[in-house]
Each structure stands twice: as structure tokens, then as C-alpha cells.
Amino acid sequence: MPAIIRVEELTRKFGPITAVDRISFQVEEGTIFGFLGPNGAGKTTTINILCTLLNPTSGRAFVNGFDCRSESRMVRSSIGIVFQDSTLDKDLTAYENLAFHAYIYGVKKPEVKPRVEEALRFMGLFDRKDDLVKRFSGGMKRRLEVARGLIHRPRVLFLDEPTLGLDPQSRSHLWEMVVRLPREHGVTVFMTTHYMEEAEVCDSLAIIDGGRIIASGSPEELKRSMGGDVIFLKTTDNAAARLKLEAALGVAPEEEAGELFFSAPRAEEQVPAAIRALSDMVLSLRLQKPTLNDVFLRLTGKQIRPEDVHGADSVKEELRAYRRRH
Amino acid sequence: MTDLNAIYVIVMREMKKFLRERSRLISSIARPLIWLFLVGAGLSRLVSPRAGMPYTQFIFPGILGMTILFSSIFSSISIIWDKEFGFLKEILVAPVRRSSIVIGKALSGTIVSTIQAAIVLMVFPVIGVKLSAAQIGLTIIVSLLVAFSISCFGIVIATFYESYESFSVIMNFIIMPMFFLSGAMYPVKLLPPALRAAARLNPLTYGVDALKNTVFTSAAKAGPMSPDFSFSADLAFIILSSAAFVALASGFFERKQ
């Protein structure tokens with residue numbers, strides 16, 4: 001598979017702040033790529049460079065083979081974007097917003113109506129096409145923006161925190177549609193997110209923190225890097241059980257809060273072996289799979305949560321103040 | 001081709017919004033009429049009838065200029081709304097030239113304010129002005145040019161502001177001084193030297209003057225209330241300044257952070 005996005009040693013500074021620090025990655029065509037990181041990690045800055053709204057300080061970025069700095073117009077016609085904040089015209093109807101988009105992207109006049117209607121149908125908004133956008137809920141607006149991003153048949157669709165601020169139902173509704181995009185619309189999806197459940201459906205991920213990519217791979221690979229699952233046991237006699245497990249499985253269990261636990265690279269096979277070794281000493285057993293949250297926690301020392309915006313907000317504030325001065 | 005489409009669709013968007021907001025149309029026509037009939041009638045008592053023409057007639061081209069000034073600048077600085085509500089980003093990431101965006105926005109302001117100026121122009125019989133059909137046609141054409149130039153100027157202004165809170169700053173420090181220093185209410189040639197110099201730098205001065213040239217009869221083209229510049233000088237300035245404003249505004253839009 002060829003790379004539809006190629007980023008090489010990309011750096012962007014805002015005065016003294018380095019928002020993005022020599023990052024490199026590739027996104028394969030027809031996949032869903034997730035860009036994970038806390039607020040202020042450099043996700044939006046990277047998207048803005050890829051969307052040609054911002055020039056890099058150094059390094060290069062290519063989308064669909066075009067240079068984001070020197071061939072910005074070609075890049076722009078290859079991409080669709082859903083920004084973090086709404087960019088709809090609330091005083092126009094859903095249909096009018098999409099038709100505007102079609103015209104400004106050079107869709108031929110007879111094509112406009114069928115394409116707009118198809119996009120509205122796909123995102124489940126056809127019934128509301130003649131309503132003013134200001135009467136839409138947050139979830140509907142976001143779906144409308146995704147629909148709009150597809151009108152001109154882009155090769156890459158950028159979604160910056162597409163589900164931020166949506167209620168769980170709207171989130172899953174939007175999500176069902178996003179995962180169908182690569183197959184049904186032949187579009188590569190590049191998205192940033194806070195939500196680990198959403199990151200799970202990505203084909204590949206890059207974790208960014210402090211402007212640097214600290215890990216990348218498929219969700220499975222990243223979780224495997226944690227050293228497999230963890231088995232927790234409660235037994236009638238933990239001390240005796242520990243010796244038996246050491247002897248039978250060659251593991252070194254530790255004890256915490258009355259529970260023995262050890263990490264197990266092949267947990268599915270090791271559970272029966274553990275039970276056999278301990279015969280009837282086992283009171284309870286549970287198996288914990290590592291989550292992306294664990295991966296993130298280990299790599300950055302931070303939990304990733306959308307509510308965790310305090311520290312990051314100050315970085316955003318600094319950036320904003322910097323932009324205002326320049 | 002994409003760029004013509006872009007200009008077309010930007011203009012259509014503004015027209016739709018303009019037609020949906022009736023109150024905006026009504027208030028933007030009421031303002032010049034209030035000035036014409038209340039301020040004009042009040043001040044006409046102070047102006048000697050021997051000055052050349054009744055004061056209400058003298059300010060009539062200036063009132064047309066005011067209509068164009070307010071609605072062109074308001075239309076252009078809707079870009080600040082678009083910035084604040086995010087829609088500008090949708091336009092900026094589209095694969096079109098920045099100059100097409102500027103021209104589309106400027107044409108929207110031009111059409112909207114020319115329509116309003118044409119409506120205000122139609123009160124001419126009420127204040128005793130006599131206009132031939134040719135004069136009416138020429139006045140509307142001049143209004144188009146002036147409106148384009150002022151709309152472009154408004155876009156240049158809009159590129160400097162990020163939020164709509166700056167609206168009152170623009171109103172008090174740009175629109176009002178531009179109006180008073182345009183020769184709309186008093187002839188530029190009667191101003192003190194410092195203000196006269198400022199009036200000569202004001203793009204609206206030449207627009208108002210061009211309108212005086214088309215509205216006043218030849219008999220009124222002498223004396224203290226006559227136009228300050230020749231019609232051709234006015235037109236040259238309007239056209240050159242429009243080109244400069246388009247270039248400036250496109251440049252400011254192109255600049256990435």
C-alpha cells in the first residue's frame with residue numbers, strides 16, 4: 001500500500017514554544033489513522049500544517065503526493081476536513097452549507113444536487129436538509145460536517161477530535177459512519193482523539209506527547225508491547241500458592257491487596273495451567289487485558305482523558321497569546 | 001473555473017443572507033433617510049440659500065455615499081463574524097485563490113450597497129432634485145464603483161480584527177471619521193488645511209465627489225458647494241484604490257501564521 005500522507009522531520013515553533021518537534025510518520029491509503037495525545041501535544045498544529053493552514057518551521061509534509069508548503073492548492077483539493085470547532089454557517093440550511101462547499105470545490109453544477117443529497121443520506125440527515133443549521137444539535141452538526149467533508153470526494157478526510165463534546169449516543173452514531181468511510185468512500189481517515197475506545201478501531205496509531213511521537217503501531221501491537229495480560233488470583237493461602245505457581249509456570253507472582261498477580265504473555269493458555277497447579281486453592285481468578293490507556297499511561301506517565309484539560313490549556317493560551325502578538 | 005464558481009457561490013451566500021434579514025435592509029435604508037431629512041432639514045436653516053443650492057440637495061450625494069459606506073463596510077466586516085464562528089476556515093481550506101475570496105466578498109458588498117443606494121436615490125423628487133434618466137443610470141454605475149472600492153477597503157480592515165468586539169472600534173474610529181471627512185456634509189475645499197489633507201487621503205472623498213459630479217446639474221458645478229475634483233480624477237482614484245485594496249486584502253489573507 002502506498003503512503004497517502006508522508007511526514008518527514010516536521011517541526012513547528014511558535015516563538016519560544018516548539019509545538020511539533022521533528023515528527024515523522026506515514027499513513028497508508030485506505031486506512032484509519034489515529035493521532036493520540038493529550039491536549040497541547042501538537043495534534044492540531046500537525047493537522048493545520050497538513051491542511052496547509054500553517055507552514056512548518058522545518059521538515060516536510062506530503063498529502064496525496066503534493067507538498068503541503070509549495071503545492072497547497074493541490075493538497076487542499078485532495079482533502080476534506082472536520083475541524084474541532086464548527087465551521088458551518090448557522091444561518092444557512094444543511095443543504096445550502098453543503099451546496100456552498102460543492103461549488104467552492106469546483107463540483108460541476110449538475111453533480112451538485114445528487115452529491116449533496118447522497119452525503120446527507122449517508123450521514124442520516126436527509127430529512128433535515130432544509131432546516132437552518134442553528135436548529136441542529138451538536139451531534140447533527142458534526143455529522144453534517146463529515147457529510148460536507150465528503151462532497152468533493154477527497155482522498156483523505158481529517159477529523160480533529162470528531163466526537164469531542166458529543167453525548168455517548170451521538171458519539172457512537174457518528175462512529176458507526178466513520179468506520180465505514182474507507183471501504184464505502186475510498187477515503188483515508190486521519191483523526192485525532194482523546195477517547196481510547198475510538199482509538200481501538202484505528203488501523204494504526206501514533207501517540208504524540210510534548211510535540212514528539214513516542215510510539216506508533218496498530219492498537220494490537222501497542223498493547224502487546226505492554227508484555228501481555230495480567231492474571232489476578234485470590235487463593236486460600238497466597239504464600240503457598242506463590243511457590244506452586246513459581247514451580248509450575250516459571251512466573252514470579254507479586255501480591256497486592258490480598259491478590260496475587262503476574263503478567264502472562266499467553267494468558268489464555270496459562271489460566272488452565274495455573275488452576276491445575278493450585279488445584280482447589282483458587283478462590284477467584286480474573287484476567288486483565290492491557291488497554292491503550294495503560295500503554296499511554298506507561299509511555300507518558302499521564303492518563304488521557306478529555307476532562308484533563310488544565311495543564312494543556314495553559315499551553316493553548318500561550319499559543320493564542322503568541323499568535324495575537326504576531 | 002473553480003475560482004469563478006467560488007466568487008459566484010460566495011456572492012450567492014451573502015445574497016441569501018441579505019434577503020433573509022429584512023430588518024437589516026430596512027435599517028440600512030432608514031439611516032441615510034434620517035440624516036437626509038432630520039439633519040439636512042435642521043442644518044439647511046444655517047446655510048445661506050445664496051451658497052448655490054438648498055443644503056438638503058447639497059448633502060444628497062453625500063447621503064448616497066453614506067449608504068454605500070455603511071452597508072459596504074458592514075458587509076465586508078462580516079468576515080470577522082465568519083472568523084469568529086469558524087466559517088472562514090471552511091473558505092480558506094478550499095482550493096481557490098485568496099483573491100477570488102476577496103473579490104467574492106467585495107462583490108457581495110457591492111451589490112448589496114448599490115441596491116440600497118439606488119433605493120435612497122429614488123427620493124430625489126422629494127427634495128427638489130431634478131435628474132434625467134441618463135443621470136440616474138450614471139449615478140448607479142458610479143455607486144457600483146464606489147461600493148466595490150469601499151467593500152475592498154472594508155475587507156482590508158477586517159483582516160486586522162479577530163473578534164466582533166472590535167465592531168465599535170471600527171464604527172467610531174473608521175466609519176464615522178471617514179464619513180465626516182468625505183465632503184458629504186460640507187465641501188472639502190472649505191475645511192481647515194489639516195482636515196483637508198486628511199479628506200484627500202480618504203477613499204470615500206472621491207466617491208462622494210464622483211456622486212456630486214453625476215447628481216448636480218451643470219449650474220451647480222460652480223461656487224462653494226460644487227464638486228472638489230474633476231469627475232475623471234474621481235474615477236481614476238476610485239479604480240486605482242480598488243485595485244490596491246484587492247491586492248492588499250489578498251496578501252493579508254495569503255499570509256499564514
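**Exercise 1. Describe the interface between chain A and chain B.**

Step 1: Start with the area. Chain A and chain B bury about 2800 Å² between them, with 57% of it on carbon and sulfur atoms; buried area is the accessible area (1.4 Å probe) that two parts lose on being put together, summed over both. Arg73(A), Phe100(A) and Ile104(A) supply 25% of the area that chain A buries against chain B, more than any other three residues.

A word on the model before we go on. It is predicted, so local features need pLDDT of at least 70 and side-chain atom pairs pLDDT 80 or more, while totals for chains, interfaces and linings use all residues. Residues are numbered from 1 along each chain as its sequence is written, chains are lettered from A and ligands numbered from 1 in the order in which they are written, and side-chain values use heavy atoms, without hydrogens and water.

Step 2: Count the residues. In contact (heavy atoms within 4.5 Å) are 35 residues of chain A and 26 residues of chain B.

Step 3: Look at the charges. There are 6 salt bridges between chain A and chain B, a salt bridge being a side-chain nitrogen of Lys or Arg within 4 Å of a carboxyl oxygen of Asp or Glu. One of them joins Asp89(A) to Lys17(B), whose closest N and O atoms are 3.0 Å apart.

Step 4: Find the elements. Helices (H or I, at least four residues) and strands (E, at least two) are DSSP runs, numbered from the N terminus. On the side of chain A that touches chain B, α2 (72-78) and α3 of chain A each supply at least two residues. The largest share, 6 residues, comes from α3(A).

**Exercise 2. Work out how α3(A) is covered.**

Step 1: Identify the cover. It includes α4 (109-122) and α5 (138-150) of chain A, together with α1 (2-20) and α5 (87-92) of chain B.

Step 2: Zoom in on Ile104(A). Not counting residues up to four places away in sequence, Ile104(A) touches residues including Thr2(B), Ala6(B), Ile91(B) and Val96(B).
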